[in-house]
Structures are given as C-alpha cells and as structure tokens.
Amino acid sequence: MPAHDPAPDQAPAPDPAPQGPTLHLVKLCVGVERPEELERWQALRAERARAAGADPRPRHLTRMRPRRADELLAGGSLYWVMKGAILARQRILALEDATGEDGAPRCAIVLDPALIRTAPAPRRAFQGWRYLRADEAPPDLDAGAEGDAALPPALAEALAALGVR
C-alpha cells in the first residue's frame, strides 16, 4: 500500500471548512411582532408538514436565489426584523429550488428550527432580503446572562429604537 493512502480501518480526513467570511441575510418578518409568535407559527407549520410526510424544517420562500450562496451556507443565519428591529435569527441550512403557489420558480431558504434571540438592532423597512456581514450582525442574547440581556424585551427594543443600545 502506498504511504499516502489511509489505512483501511481509518476514515479519510474530513473536507476542510469552507473558506471566506460568513455572510448572513436580513428579512422582515411580516405580521409577527415577537420571536415567540414566529416560534408558534413555525411549530404549527412543522406539525402540518410532518402529518403530510414532508420535511418539517422551517423554510422561507423567496423570489430571488442569493448569489452568494457559498458564503451563506458557511455558517450564515437569517436575521428576522420584527417591529423595526432585528430580534432573532435562525441558521441557514440549505438553499433549495422550489415552486411558489403561483407556479413560479422560487428559492427555499431552509432554516434550523432553533430560533436564537439577538440583541435588538434597529432596521428600517425594506423589501425582500438584504445581505448582512458577520461583523455587522447583532450579538446573540444568552438566556442566562446578566445586564442588557436581562432587560424586558419591550424596554430593550425601545432603547434600540432610540439608538441607545
């Protein structure tokens, strides 16, 4: 056996991690004011999907497929804007071809079911989605943290809207 081949009982080395910076998406969460509402809505849709024998993971359909897919799939998240501020994120697991209810081609952004709360970050209204660089993304809130994370959500959002946080 040549010296460069792995031993038969050893698995090959895993592929290296994707190179380049991680990129995220920002999207308005229309009709939802709080992360808990989004969790309930996604849980209901997952339950329906399971009953129909379909993939229960949350997905968001969009008209345009992100051109920077490799950067998004290298650990990127979809950051949700609710009531004028980013309040939560979900990790992007995949981008899949899909068909909308109108029969038009769409892109399904497949998300991790875990909804992660973030420090509120004000955002003006926009259509569609926008790219968000990793260094511009708001930090996650640690559920057991002291200080800012312990503020009531309404107060944290009000402070963010004023640009205090």
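## Salt bridges

A salt bridge is a side-chain nitrogen of Lys or Arg within 4 Å of a carboxyl oxygen of Asp or Glu. In this predicted model, local features need pLDDT of at least 70 and side-chain atom pairs count only at pLDDT 80 or more, while totals for chains, interfaces and linings use all residues. Residues are numbered from 1 along each chain as its sequence is written, and side-chain values use heavy atoms, with hydrogens and water left out.

Across the whole structure, a search finds 14 salt bridges. One of them joins glutamate 71 to arginine 68, with 2.9 Å between the closest N and O atoms. Glutamate 71 is partly exposed at 22% relative accessibility (buried means under 20% relative accessible area, exposed over 50%, and partly exposed in between, with a 1.4 Å probe and protein chains only). Arginine 68 is also partly exposed, its relative accessible area being 37%. Elsewhere, salt bridges with shared partners link Arg34, Glu36, Glu39 and Arg117 into one network.

## Aspartate 55 and its partners

Aspartate 55 forms a salt bridge with arginine 57, at 2.8 Å from N to O. Aspartate 55 also forms a salt bridge with arginine 59, where the closest N and O atoms are 3.0 Å apart.

Aspartate 55 is partly exposed, with a relative accessible area of 31%. The corresponding value is 29% for arginine 57, which is partly exposed, and 32% for arginine 59, likewise partly exposed.

## The largest pocket

Rolling a probe the size of a water molecule over the atoms shows where empty space is left. On a 1 Å grid over the protein atoms alone, a pocket is an open set of points where a 1.4 Å probe fits, with protein on both sides within 12 Å along at least five of seven lines; lining residues have an atom within 4 Å of a point. The largest pocket has a volume of about 710 Å³, a volume being the space filled by probe spheres set on the points, which are joined across faces, edges and corners.

The lining of this pocket consists of 27 residues, and Trp41, Arg45, Arg59, His60 and Leu61 lie nearest the centre. Two or more lining residues come from each of β1 (23-28), α1 (35-51) and β2 (59-62); helices (H or I, at least four residues) and strands (E, at least two) are DSSP runs, numbered from the N terminus. Helix α1 gives the largest share, six residues.
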